[in-house]
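Dear colleague,

I am handing over the structure below for your attention. My notes on what was found in it follow directly after.

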Amino acid sequence: MDKAKRKAIIAGNWKMNKTPKEAKALLEQITPLVKDADCEVIACVPYVDLATAIEATAGTNVKIGAENCHWAANGAFTGEISTGMLKEIGVEYVVLGHSERRQYFGETDETVNKRTKAALAAGLKPIVCVGELLWERECDITEEVIARQIKLDLWDVTEEELKNVVIAYEPVWAIGTGKTATSDQAEEVCAFIRAQLAKLYNQDAADAVTIQYGGSMNDGNADELLSKTNVDGGLIGGASLVAEKFAAIVKAASK
Ligand code: PEP
């Protein structure tokens, strides 16, 4: 399938930034700048900002995502948020398996898989993050790491459900470090991810999946990264907190 037929998606990952008031102000700056985007535009925001963000983007082309969700419908999981809670307030996307969750909060491929299946069952679209550590790249096991994550994170996800999954390739060494993968490195791993999806499902199913690159993508490097055949969008951390920079990345993806 030709790249143009896949949905280009630019998603901001705000991480633990912006109070509800600040979120409203930032979204009011972003929405007019991206109103003519020819790609999907998403802001994934902290839980407490979700309701405000949904209100601030009503009637615009900006969709709202959460930064995590639990797999259980409800119960004794202090501090967690269920898919039903997100769905009820109008959340459409959810970032899962971000390397910061894996690194600091004990997220494993097994829990990423449980969250992914729960999100899909609830009608949310998961943005499933995979990526190698610097040491793993240096040891030349990037492909093994990615293959394992893709297989485990998507375990038991059906071909039909895969249509609602977005994959974000985020080399851990490039996140928040200012070190970007070269466009060739990004393309190489995104193409590898697609090949793995083709093995697990089939070529048509794999060709239809949006694969984002994430890791210090910004207004200066987005054009080059997004020009690659298998890089269908971006998951943007730092640059998503600056309206003009985020809008410039959206513009690059709209070409
Ligand atoms: C991210 O948080 O997913 C990310 C890619 O961050 P940054 O763009 O800041 O590297």
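**A buried serine in a loop**

With a relative accessibility of 1%, Ser-240 counts as buried, because buried here means under 20%. The residue belongs to the loop that runs between strand S8 (233-236) and helix H12 (243-253). Its side chain reaches the backbone oxygen of Ile-236 at 3.1 Å. Leaving out residues up to four places away in sequence, Ser-240 touches Gly-12, Asn-13, Trp-14, Leu-26, Ile-30 and Phe-246. Please bear in mind throughout that this is a predicted model.

**The ligand and its surroundings**

Which residues come nearest to the ligand? Of the 14 residues around the ligand, these are Lys-15, Glu-170, Gly-176, Ser-216 and Gly-237. By class, the shell is made up of four nonpolar, eight polar and two charged residues.

- Lys-15 places a polar side-chain atom 2.7 Å from an oxygen atom of the ligand.
- His-98 has a polar side-chain atom 2.9 Å from an oxygen atom of the ligand.
- Gly-238 contributes a polar backbone atom, which is 2.9 Å from an oxygen atom of the ligand.

The ligand taken alone exposes 290 Å², and the protein buries 95% of that.

Ser-216, one of the residues that come nearest to the ligand, is located in the loop between strand S7 (210-214) and helix H11 (222-226). Its relative accessible area is 19%, so Ser-216 is buried, the limit being under 20%. Although Ser-216 is not a glycine, its phi is positive, at about 55 degrees.

Most residues other than glycine have a negative phi. Lys-18 is not a glycine either, yet it has a positive phi of about 80 degrees. This lysine lies in the loop between strand S1 (9-13) and helix H1, the latter covering residues 20-33. Is Lys-18 buried or partly exposed? With a relative accessible area of 30%, Lys-18 is partly exposed.

Helix H5 (residues 109-121) has 13 residues. From its first C-alpha to its last, H5 reaches 18 Å, close to the 18 Å expected at 1.5 Å a residue. The buried residues of H5 are Asp-109, Thr-111, Val-112, Asn-113, Arg-115, Thr-116, Ala-118, Ala-119 and Leu-120. An α-helix has 3.6 residues a turn, so residues three or four places apart point the same way. Against which elements do the buried residues of H5 pack? They pack against helix H3 (83-88), strand S4 (93-96), helix H4 (99-104), strand S5 (125-130), helix H7 (142-153) and helix H8 (159-162). After H5 comes Gly-123, whose phi is positive, near 90 degrees.

Helix H7 has twelve residues, and the distance from its first C-alpha to its last is 16 Å, close to the 16 Å expected at 1.5 Å a residue. Its buried residues are Thr-142, Val-145, Ile-146, Ala-147, Gln-149, Ile-150 and Asp-153. These buried residues pack against several elements, including H4, H5 and S5. The others named as packing partners are helix H6 (134-138), strand S6 (166-169) and helix H9 (183-200).

Leu-33 is found in helix H1. At 45% relative accessibility, Leu-33 counts as partly exposed, because that class lies between 20% and 50%. Leaving aside neighbours within four places in sequence, Leu-33 is in contact with Ala-243, Glu-244 and Ala-247. How far apart are the C-alpha atoms of Leu-33 and Ala-248? They are separated by 8.8 Å, while the two residues are 215 residues apart along the chain.

Gly-84 is found in helix H3, and its relative accessible area of 39% makes this glycine partly exposed. Gly-84 and Ala-122 are 38 residues apart in sequence, and their C-alpha atoms are 6.6 Å apart in space.

Ser-99 lies in helix H4. Its relative accessible area is 10%, which means that Ser-99 is buried. Not counting residues up to four places away in sequence, Ser-99 touches Val-172 and Ile-175.

Yours sincerely

Key: Residues numbered from 1 in each chain as written. Predicted model: local features only at pLDDT ≥ 70, side-chain atom pairs only at ≥ 80, totals over all residues. Heavy atoms only, no water. Near = heavy atom within 4 Å. Polar contact = N/O pair within 3.5 Å; in protein donor to acceptor, adjacent residues only side chain to side chain. Areas by Shrake-Rupley, 256 points an atom, 1.4 Å probe, with all protein chains shown as cover. Nonpolar A, V, L, I, M, F, W, Y, C, P; charged D, E, K, R; others polar. Helix = DSSP H or I, 4+ residues; strand = E, 2+ residues; numbered from the N terminus. Buried < 20%, exposed > 50% of the residue type's maximum accessible area, 1.4 Å probe, protein only. Contact = heavy atoms within 4.5 Å. Expected span 1.5 Å × (residues − 1).
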